[in-house]
Each structure stands twice: as C-alpha cells, then as structure tokens.
Amino acid sequence: MAVSRPKRSLARRAIAFVKKLIHKHPISDVSLPVPTATQAASRPDKKSILKHPAKKDFLKQVVPETIGDCPLPSFDPGIFHSELLDLKLYPEVDPNDPKNIKEPEGNVREGTYLGTQLALTQAYERVEQTFNSLFDVLGIEPTFPRYLSLEQKRNTYQFTPYPNNADGTPAEFPPHLQHIPVDQNYTVFGVFNTAGLLETAVILQKLIPDEDGFLGRTKQWLLEKARAAAYGGEPEKGITIQDVEDYNRFHRKIGTDIASGGNIGLLDDWYSDRRFAEQQFTGTNPTTITQAGKQWIGEFLTAARTGGYNEWISALEAADPASLFVQDGSYFRNAVGVSDSTAVLHHKQPGSDDNWCVGAVSLFQLYDDGKLHPVAICIDYRGSMEASVTIFNKRLTPRDSTRTEKTDWPWRYAKTCAQVTDWMRHELTVHLTLAHLVEEAIIVGTNRSLPMEHPVYRLLSPHWYKTLSVNAAARATLVPQVIVEIVGISPEQCHSFIRHAYDNYDFVANYVPNDLARRGFPNTAEGLSSSTRYRNYAYAKDVLALWTVLRSYVSEMLALSYPSDESVAQDQYIQAWCDEMRQGGAHMSSFPEIRDLEALTDAITMCIHTATSFHSAVNYLQNFYQAFVIAKPPMLCTAPPTSLSALQQMKEHDLVASLPINRQRQWLLSAQVPWLLSFRAPQDRSLLNYAASMWRVYKTKKGRREKMVAEASERLYARLRETQTAVWENSRAMEKGSLPYMVLDPGNTAVSILI
C-alpha cells in the first residue's frame with residue numbers, strides 16, 4: 001500500500017522556490033563592478049567553452065592544399081635569422097681589434113617580389129628593435145623607468161650640432177638626439193653599438209635584388225607585356241594603366257592599416273578630378289592647401305592668357321578670390337639648394353634609374369556646396385609662369401561631364417606631377433620633419449630643461465613613447481637606403497629640403513586655430529559648420545575638435561600647479577625650456593617666450609597635438625593613398641615636357657613611361673614605404689586609452705590634487721568620446737560618395753609618434 005508524502009506548507013515551498021531561484025541566478029555582489037552588456041556578451045560561459053566548432057566554420061581556417069597558395073604575412077623569425085646568416089648579412093668584429101668592424105659582405109642578388117616585401121618588413125622591424133635595445137641600454141627609452149637628475153638628463157640627452165657638423169660640413173638632419181656617446185666608442189658597449197648601427201645602415205639595401213634579379217609571377221607578367229610591345233613594335237601593346245589597375249585588384253598586400261589593406265586604386269574613378277581634389281582635404285596631406293591670394297591668381301591669369309584659355313580667363317576674373325586655393329610647390333628649387341630657377345631637378349642614384357622631381361603649383365576653386373574643383377596645374381614652377389608649363393582643366397566646373405576624364409592624358413599627366421610634388425612635400429617635410437623631427441627636438445629640449453618631477457614634464461612624457469628610437473631608425477635606414485632611390489633629387493638635396501622645412505617652421509603659427517586662419521579657413525567649429533562650403537574638409541573639423549579637447553585638459557592640469565601668470569613667469573625651469581628651444585640646441589626660434597598661463601597652455605597643447613592628432617592625420621592613411629603607386633608616385637621616370645604643346649600631345653604610353661611601372665625595384669620601394677608606416681596603432685596606445693589609464697591610476701588616490709587629476713582625466717575621456725561621434729558625423733556630412741574620413745577617431749589616434 002503506497003504511503004502518501006505529507007504536503008509541505010506553503011511557506012516551506014516558497015522558501016525552497018527562492019533558494020532554487022537564487023542558485024540558478026545568483027545575486028551579484030553589489031560592491032563588484034558590473035560588466036556592460038557588450039562586455040558580458042563577449043565573455044565565454046560554460047556553454048561556449050563546451051561547444052564544438054561546426055565543420056564549415058573549421059574548414060574555413062584550414063590552410064590551402066598547395067603550399068604556394070598559403071598566405072605568408074611574415075617570415076618565421078628563426079628562419080629569417082638563419083637565412084641572414086647563410087647570406088652573410090651580418091657585421092664581423094675582429095676579436096683582436098674591436099675597433100675593426102667589417103661590413104656585411106653578403107648581398108641578395110635574386111628574389112621574388114613578395115619575398116623581398118616580407119624581408120624588408122621584417123628587417124625594418126629588426127632595425128627598430130636594434131634602436132629600442134640601444135636606447136634602453138642608454139636609459140633614453142628604458143623598458144622600466146629610471147630616475148635621472150636634471151644634470152644626468154643633460155648628459156644623456158644631447159643635441160647633434162646644427163646647422164653644421166663639428167667638422168664644418170652641413171648637418172644632414174635638423175638637431176636631434178646625439179645617441180652615440182663619443183666617450184664610449186671602443187668599450188664593449190661601443191662595439192655593440194657600432195656593429196649594430198653598421199648593420200642597420202646597410203641591411204635594407206642588401207636585401208633588395210637588383211632590377212634584373214627579381215623572380216616570380218610579377219616578373220613574368222612584366223616580361224610578357226614587354227614581349228607584346230616588342231613584337232608589335234608599338235608602346236600601346238605594352239603595359240596599360242588598366243593592366244596596373246587589374247594587377248592591384250588581385251595582388252594587394254595583407255591589410256594591417258586602418259583601411260584593412262584597401263587602396264584608392266580599387267575605385268573606378270581613382271584618377272578623377274573629384275578624387276584628386278578630395279585628397280587636398282582628407283588625403284595624406286590635408287594640411288597645406290592655402291588661399292591663393294592676389295599673386296597666384298594673377299600668375300594663373302597670365303598663364304591662361306598665354307595658353308589661350310579664354311573661358312578660364314573669364315571664369316577667374318569673375319570668381320570670388322576667397323574661393324581660390326593653391327597647393328604650392330614653387331619653392332622646391334630654393335629648398336633643395338638650387339639657385340637656378342629654371343634648372344631641371346634630376347638625379348640618378350648609383351645602381352638605380354634616372355628620376356625627375358617637379359615643384360608643381362595647383363589651383364583649385366571651392367564652391368558654396370563644398371565641391372573643390374581643380375582649375376589649372378603648373379607642372380613645374382621655374383621662377384615664373386612664362387618659364388613654366390601650365391595646363392588648364394577642360395572641365396570648367398565640377399558639374400561638367402566626366403565622360404572624357406579617363407582619356408584626357410595631358411591633364412592626367414599634370415595631376416601626376418602635382419601628386420609627385422605632394423609626395424615630396426608630405427613625406428619629407430610635413431610628415432618626417434614637421435611631425436617626427438619637430439617632436440624629437442621638443443623631447444630632447446624638454447629633457448634638458450625640466451626635472452622629471454616637473455608638472456610639464458609629467459604632462460608631456462607619455463606622448464614620447466618610442467619616438468626617439470623610431471626616428472633614429474628612419475634616419476639610419478628609410479632616408480639613406482630607400483627614399484633616396486625613389487625621388488628625383490640627390491641625397492644632399494634631400495637633406496637640404498628637410499633642413500629648409502625645419503628652419504622655416506613656425507611653431508606658434510601652426511597652432512590649429514592659427515594654422516586654419518593663416519590658410520584662409522574658418523578657425524572655429526561654428527565657422528566650419530555654418531555653411532556647406534566646408535562640408536568636405538573633415539580634417540579641419542576633426543583636428544580643431546581634438547585641439548579644443550586637448551587644450552581644455554592641459555588647462556585643467558596646469559591649473560593644479562600654476563595659480564597665476566606670475567607663477568609661470570617665475571618658474572626658472574619653464575624659462576630654461578624656452579631658452580633651450582629658442583636659442584639652445586633645438587634651434588627653433590619660433591618657439592614662444594612663455595610668460596603667462598595662456599602661452600604655456602598653448603605651447604604644451606601644441607607639443608601634444610604634434611605627437612598625436614597631427615602625426616596621426618599625416619601618417620596612417622599613407623598605405624591607402626600611396627601603395628597604389630601610380631596614384632601618387634614619388635618621382636617621374638621621364639623628363640617633364642618643356643612646352644604646353646608637348647604636354648597637350650601626350651598619350652597613355654607617355655604617362656606609363658613617366659611612372660615606375662616597369663621598374664620593379666623602385667615600384668617595390670615606393671609601395672613599401674607607406675606599407676611600413678601605416679600599421680594600425682595598437683588600441684592601448686590611443687588617446688582614449690591614455691585618458692582611461694590616467695583615470696584608473698588616480699581614481700583611488702586620496703589626496704585632493706590626485707582626485708582633481710582623476711576628475712580631469714574623466715572629463716578628457718568624456719570629451720574624447722564625444723569627439724568620436726563628431727568625427728563620424730563630420731565624415732557622414734561630406735558629399736555622397738566621399739571616402740570616409742575616420743583617421744582622427746580618438747580610438748585610433750595614437751598617443752605618441754610610435755611608427
């Protein structure tokens with residue numbers, strides 16, 4: 001007989017139900033931080049860790065059947081190391097005489113295009129590692145912090161002589177860190193130092209095969225095209241621009257930049273007036289387009305009359321002068337040290353090919369609806385328009401038909417000249433000099449002037465991470481081993497060009513509001529947004545927003561240490577800093593004399609801006625715009641025409657001949673520079689992460705000052721987050737079909753010059 005179980009009371013059943021519910025959904029400890037929904041969703045749980053991957057998902061990860069089809073992002077470090085040893089690409093130190101160091105005797109004679117790309121990338125990484133190690137040993141960029149007194153820092157951080165070396169010869173580069181201690185040349189450290197630096201000075205060149213030494217599919221493709229041209233006896237049967245577009249579509253590198261490996265050559269209209277004009281506002285160099293002014297308007301009117309461009313004469317005379325802008329390369333000959341304004345800029349580096357450089361001047365008109373339209377291009381300014389060749393656009397307005405743009409070879413050639421000019425100006429001056437080398441002068445000058453505990457030192461030093469070692473690597477390798485091979489001026493002229501940019505740099509004039517006003521643009525957020533005229537100048541809007549945010553933060557942080565203008569004027573270290581920058585080793589006479597809090601706030605904001613938003617804007621889009629080499633080449637491969645009639649007769653094969661299409665070595669180097677320099681900044685090196693890190697470090701500290709630092713950091717984070725949205729909105733506000741401009745998203749903007 002079954003015995004029935006007594007029924008539990010209602011109260012007991014309720015208690016059991018609650019216990020079961022709590023066991024299934026335990027209540028969180030309210031004292032612990034609660035993850036956001038996004039964080040919680042991305043975390044593994046017991047279900048996800050027990051889940052077996054679906055076969056179709058797993059098979060997507062299986063490597064290709066044929067080893068030749070396996071993607072190779074880089075060589076295995078051990079394999080690469082062994083190959084360098086086999087090829088004898090290492091310096092040898094005489095054990096009996098440490099001063100006797102033999103240069104690496106090996107040299108790569110043959111190699112594939114892809115293999116050389118990978119080797120160059122890995123070699124350059126090792127060059128940077130060499131300088132990282134060297135600067136760690138020297139205590140310049142130590143892995144772990146080391147406290148140095150101001151006297152010790154002045155001994156460690158020394159400027160190189162400038163403008164002349166100790167022997168009286170011109171310095172190659174603007175004043176920078178003297179990183180080879182003269183009193184340690186022959187110590188054990190000195191041997192390591194000299195041998196390592198000797199290797200960096202030759203390694204890239206020795207890894208690049210001669211032009212005839214390239215092997216593989218790329219070489220075969222070029223040979224087949226060359227045979228077709230030879231067989232037919234006509235250049236048109238050789239490589240065409242369309243061939244290069246097709247090759248780019250299927251043979252791009254693996255994406256490691258913010259554009260995930262895409263480049264402008266994937267657009268059907270990459271060569272168009274629209275894309276050419278667009279780059280002046282949101283390309284790699286959106287920092288130099290300037291209102292034309294009476295002189296240039298008059299010069300282009302003269303050129304229009306000389307060339308018989310009657311429609312353009314009427315259009316320019318009727319145009320609002322404030323709507324006309326230029327990109328001005330007229331100063332090139334003066335900058336490279338050539339006194340003859342009509343001299344041809346040409347150079348042939350030993351073992352390389354003939355290259356030409358041009359100083360083009362481009363005229364644009366900005367319409368009320370925001371469209372920027374190229375009007376005319378002086379392909380190489382030689383002292384006057386009468387001595388130069390200037391061509392005007394067949395399309396008078398951006399609304400004119402684009403049907404003939406693709407085959408307007410004279411105009412496409414002129415735009416290529418303008419791009420060569422901008423490549424030179426951007427790569428050697430705006431990017432290398434005004435970002436990297438100016439910031440280096442700031443770093444060295446600050447270290448020589450301010451103790452480590454000084455509030456300004458504490459504010460600036462997080463924005464110096466890796467910059468000195470990166471710059472040293474560039475001076476040792478990129479310029480002497482790569483750049484000089486792909487430009488149309490000599491190494492000495494390259495150095496003169498760089499020095500000219502540094503010597504003419506105006507620190508205060510380049511504060512973002514000052515810079516925008518100087519170049520003829522509104523310098524307030526309201527002014528830039530008041531009409532559609534500036535809708536496409538997203539760089540201006542973004543960089544001004546970041547300047548405003550950074551300046552607010554700097555102002556709050558300085559207020560903790562400087563209660564008045566008098567306290568700034570009486571700070572002996574700040575006055576020493578100004579002297580070091582203006583009259584000392586930095587040789588930067590435009591650095592301000594700082595006597596009040598306003599001037600100090602601006603100067604520090606500028607130092608941070610140079611390392612963060614300015615460098616990010618001119619660095620991280622290089623691969624997108626320059627890896628497709630014919631869109632923005634570093635040189636011309638044939639001499640530019642010397643008459644308008646010769647320019648007007650140009651055909652496609654003339655444009656092809658002027659580009660490094662048939663030069664594998666120079667094409668590879670031209671594509672490799674933007675590839676090396678455009679790797680996406682790690683998330684932990686962004687401005688947003690900087691703000692979050694400051695807050696995290698200070699949030700639990702008890703002192704009143706520390707709490708104020710935490711609050712300032714929290715406000716910086718909030719403002720940067722608001723700027724993220726503004727960057728997206730500014731990009732979306734551009735006209736339909738524009739390339740998105742997100743490079744100054746604070747989540748991408750690097751906190752220092754670290755590449």
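Here is a short tour, one selection at a time.

This is a predicted model, so to speak with care: local features need pLDDT of at least 70, side-chain atom pairs count only at pLDDT 80 or more, and totals for chains, interfaces and linings use all residues. Residues are numbered from 1 along each chain as its sequence is written, and side-chain values use heavy atoms, with hydrogens and water left out.

Start with salt bridges (a side-chain nitrogen of Lys or Arg within 4 Å of a carboxyl oxygen of Asp or Glu); the structure holds 26 of them.

Select Glu580 and Arg154: their side chains form one, at 4.0 Å, N to O. Glu580 sits in helix α23 (residues 572-582) and Arg154 in helix α7 (residues 150-156), so this pair ties together parts 426 residues apart in sequence. Helices here are DSSP runs of H or I, at least four residues, numbered from the N terminus. Glu580 is buried at 10% relative accessibility, while Arg154 is partly exposed at 35%. (Buried is under 20% relative accessible area, exposed over 50%, partly exposed in between, with a 1.4 Å probe and protein chains only.)

Next, pick Asp422 and Lys632, a salt bridge whose closest N and O atoms are 2.6 Å apart. Asp422 is in helix α15 (residues 409-449), and Lys632 is in the loop between α25 (622-626) and α26 (644-648), 210 residues away. Both Asp422 and Lys632 are buried.

Now show Asp273, Arg395, Glu405 and Lys415, which are joined in a salt-bridge network.

Last stop: Asn619, in helix α24 (residues 597-619).

Note on methods:
Helix = DSSP H or I, 4+ residues; strand = E, 2+ residues; numbered from the N terminus.
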